[in-house]
Amino acid sequence: MASFQFNVVGYVKSPYKQKFSIPRQPGLIPEATGHLVLEDNYSDDAILRGIDSFSHLWLVFVFHETADKGWSPMVRPPRLGGNARKGVFATRATFRPNPVGLSVVKLEGIERKNGKLMLKLSGIDLLDGTPVLDIKPYLPYSDALPNAAGGFADAAPHTAMTVSFSDNASAFCQQQRQYPDLAVFIEKVLKQDPRPSYKKQRDGEQSYGMTLYNYNIKWTVNGEHNHVTEIHSLSE
C-alpha cells in the first residue's frame, strides 16, 4: 500500500480553543476570525503573490486532535442527532482513514508580524493550532454548484435557540476593545447549539462553559434559550 509524507505549511490561530464550540461547517459564523501563520520555510512573500485577488480559499488541514484515535467505516453524524449511522465517506466526520479535512474560508488580508507571514481569515471552523497542509484558491465558476444534491445535509443547520446576556456579561463585551463583534460572535456560536446530541434531550437548566479567543464564557441552557452569565479574561 502506497503512503506519502506531507509538510505542514502553517498553523491556524483560531478563537476556538476546544472542539466543543466549533460550528459544523465553515462560513456559518462570519465573525469567527483568525490567522493562518505560515511556517518559516514558506514565509517568502512571493509564495502568496496574486492570492489577494481571490476572496476565498480552500484549506487542506489535519484533524490533529483525533488523528491518533483511528478511523471507523461507520459514524454517527451530529447533523442526524447522533442517532443514525452513515459510511464515513458519506460524511465529514473526523475519524477517517486519513485524518484530513477541507475548509473554505474568507481571505481578509495578508500580514507580517514579528517576522511571520500570515493570512487573516474569517468564517473559520478550525480548532486553534490546526496544521494546514495546503492552500488553494476558491474558484466560484467551478467550486460553487448550485444544483448539487446535499444528501442528509442539504441545507444549513438551523435551531430555534435564543440568546441573552446578563448585565455583567453584556458590559464585558462592550468594555473590551480587541473584538468589536464579541457579543455577536458568542450569540451565533450558541445559536448553533454546540451541545452533544444526548444532552439536548435533557429537561431542566444546564450549565456550560467554553473558551473563545482568550475569554472563558459561562452560560445556562433552559429549553431553547441560552443565557450568558459570565465572561472572564484568561491569562495569555
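Me: Are Phe 61 and Phe 63 buried or exposed?

Reply: This is a predicted model, in which local features need pLDDT of at least 70, side-chain atom pairs count only at pLDDT 80 or more, and totals for chains, interfaces and linings use all residues. Residues are numbered from 1 along each chain as its sequence is written, and side-chain values use heavy atoms, without hydrogens and water. A residue is buried under 20% relative accessible area, exposed over 50% and partly exposed in between (1.4 Å probe, protein chains only). Phe 61 and Phe 63 are both buried.

Me: What kind of pair do the rings of Phe 61 and Phe 63 form?

Reply: Rings of Phe, Tyr and Trp (its six-membered ring) pair if their centres lie within 6.5 Å; planes under 30 degrees apart are stacked, over 60 edge-to-face, and the rest tilted. The whole structure holds 10 aromatic pairs. For Phe 61 and Phe 63, the centres are 5.0 Å apart and the planes stand at 75°, so the pair is edge-to-face.

Me: How wide an arc do the buried residues of helix H3 cover?

Reply: Helix H3 spans residues 182-191; helices are DSSP runs (H or I, at least four residues), numbered from the N terminus. Its buried residues are Leu 182, Phe 185, Ile 186, Val 189 and Leu 190. They lie on the same side of H3, because the arc, taken from the directions from the helix axis to the C-beta atoms, is only 125°.

Note on methods:
Helix = DSSP H or I, 4+ residues; strand = E, 2+ residues; numbered from the N terminus.
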